[in-house]
Amino acid sequence: MIFLQIKRVMHMLKKLSLLIILMAPLLANADKKRDVIGLWETEEKGEIVLIDKNENGFPIAGKLERSASRPDKVGMTLMTNFTEHKDGWNVTLYSPRRDKNFDAVIHRKDQELNLEVDAGFFTHHIIWTAQSN
């Protein structure tokens, strides 16, 4: 009787271990995607964008936090519509200079945020730098 109970427990532990092994990459990927949240200095030095998170910890919007050259634009939302994309996010990126929205893919690599902006017939690559809070 005890042998059967031990055998059942061992079988359940094997299943649980397999589930944990299969889920680990998915959980690690979720954390990797969240790492776009924070302060970023744009290519326009002196401009800082804050990518904020929702109640679940996922990115929700990117707002201009500081701007030396365009203080009147501070508080403006520059990134919206975050949806998952392979190792990053699809976003809608607003360009105040052109007064136009662009589709973009963003992903973090070390201390850089890589933005691939769809500008019609070509893709414009932009790099933002992580800033400490």
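Q: Why is R97 called exposed in this predicted model?
A: The relative accessibility of R97 is 58%. Exposed means over 50%. R97 therefore counts as exposed.

Q: Why is E44 called partly exposed?
A: E44 has 29% relative accessibility. Buried needs a value under 20%, exposed one over 50%, and partly exposed lies in between. So E44 counts as partly exposed.

Q: What makes R97 and E44 a salt bridge?
A: Their closest N and O atoms are 2.7 Å apart. The rule asks for a side-chain nitrogen of Lys or Arg within 4 Å of a carboxyl oxygen of Asp or Glu. The pair therefore forms a salt bridge.

Q: Why does the pair of R97 and E44 tie together parts that are apart in sequence?
A: R97 lies in the loop between strand 5 and strand 6. E44 lies in the loop between strand 1 (38-41) and strand 2. These parts are 53 residues apart in sequence, so the pair ties them together.

Q: How many salt bridges are there by this rule?
A: The count comes to 2. One of them joins the side chains of R70 and E47, at 2.7 Å from N to O. R70 is in the loop between strand 3 and strand 4, and E47 is in strand 2, so this pair ties together parts 23 residues apart in sequence. Both R70 and E47 are buried.

Q: What makes the rings of F58 and W89 an edge-to-face pair?
A: Their centres are 6.1 Å apart. Rings pair when their centres lie within 6.5 Å. Their planes stand at 65°.

Q: Which parts of the chain does the pair of F58 and W89 link?
A: The pair links distant parts, 31 residues apart. F58 sits in the loop between strand 2 (47-53) and strand 3 (59-67). W89 sits in strand 5 (residues 88-95).

Q: Are F58 and W89 buried or partly exposed?
A: F58 has a relative accessible area of 23% and is partly exposed. W89 has 4%. Buried means under 20%, so W89 is buried.

Q: Why is the pair of F82 and W89 called edge-to-face?
A: The ring centres are 6.3 Å apart and the planes are at 70°. The cut-offs are within 6.5 Å for a pair and over 60 degrees for edge-to-face. The pair is therefore edge-to-face. F82 and W89 are both buried. Ring pairs link F58, F82 and W89 into a cluster.

Q: How do you know that H107 is buried?
A: Its relative accessible area is 16%. The limit for buried is under 20%, so H107 is buried. H107 lies in strand 6 (residues 100-109). Beyond residues up to four places away in sequence, H107 touches D87, G88, E112, L113, N114 and E116.

Q: Which residues of the largest nonpolar core touch the most other members?
A: Of its 20 residues, they are I51, M79, I106, L113, L115 and W128. Elements giving two or more residues to this core include strand 2, strand 4 (77-85) and strand 8 (123-131). Leaving aside neighbours within four places in sequence, I51 is in contact with residues including M79, F82, I106 and L113.

Q: Why is I6 called partly exposed?
A: I6 has a relative accessible area of 48%. I6 is in helix 1 (residues 2-34). With I2 and M10, I6 forms a nonpolar patch on the surface, with about 320 Å² of accessible area together.

Technical notes:
Residues are numbered from 1 along each chain as its sequence is written. This is a predicted model: local features need pLDDT of at least 70, side-chain atom pairs count only at pLDDT 80 or more; totals for chains, interfaces and linings use all residues. Side-chain values use heavy atoms; hydrogens and water are left out. Helices (H or I, at least four residues) and strands (E, at least two) are DSSP runs, numbered from the N terminus. Buried means under 20% relative accessible area, exposed over 50%, partly exposed in between (1.4 Å probe, protein chains only). Contact means heavy atoms within 4.5 Å. Patches are made of residues with over 30% relative accessible area and no salt bridge: like charges are joined within 9 Å, nonpolar side chains (Val, Leu, Ile, Met, Phe, Trp, Tyr) within 5 Å. Accessible areas come from the Shrake-Rupley method with a 1.4 Å probe; for residues, only the protein chains shown count as cover. Rings of Phe, Tyr and Trp (its six-membered ring) pair if their centres lie within 6.5 Å; planes under 30 degrees apart count as stacked, over 60 as edge-to-face and the rest as tilted. A nonpolar core is a set of buried Ala, Val, Leu, Ile, Met, Phe, Trp, Tyr and Cys residues joined through side-chain atoms within 4.5 Å.
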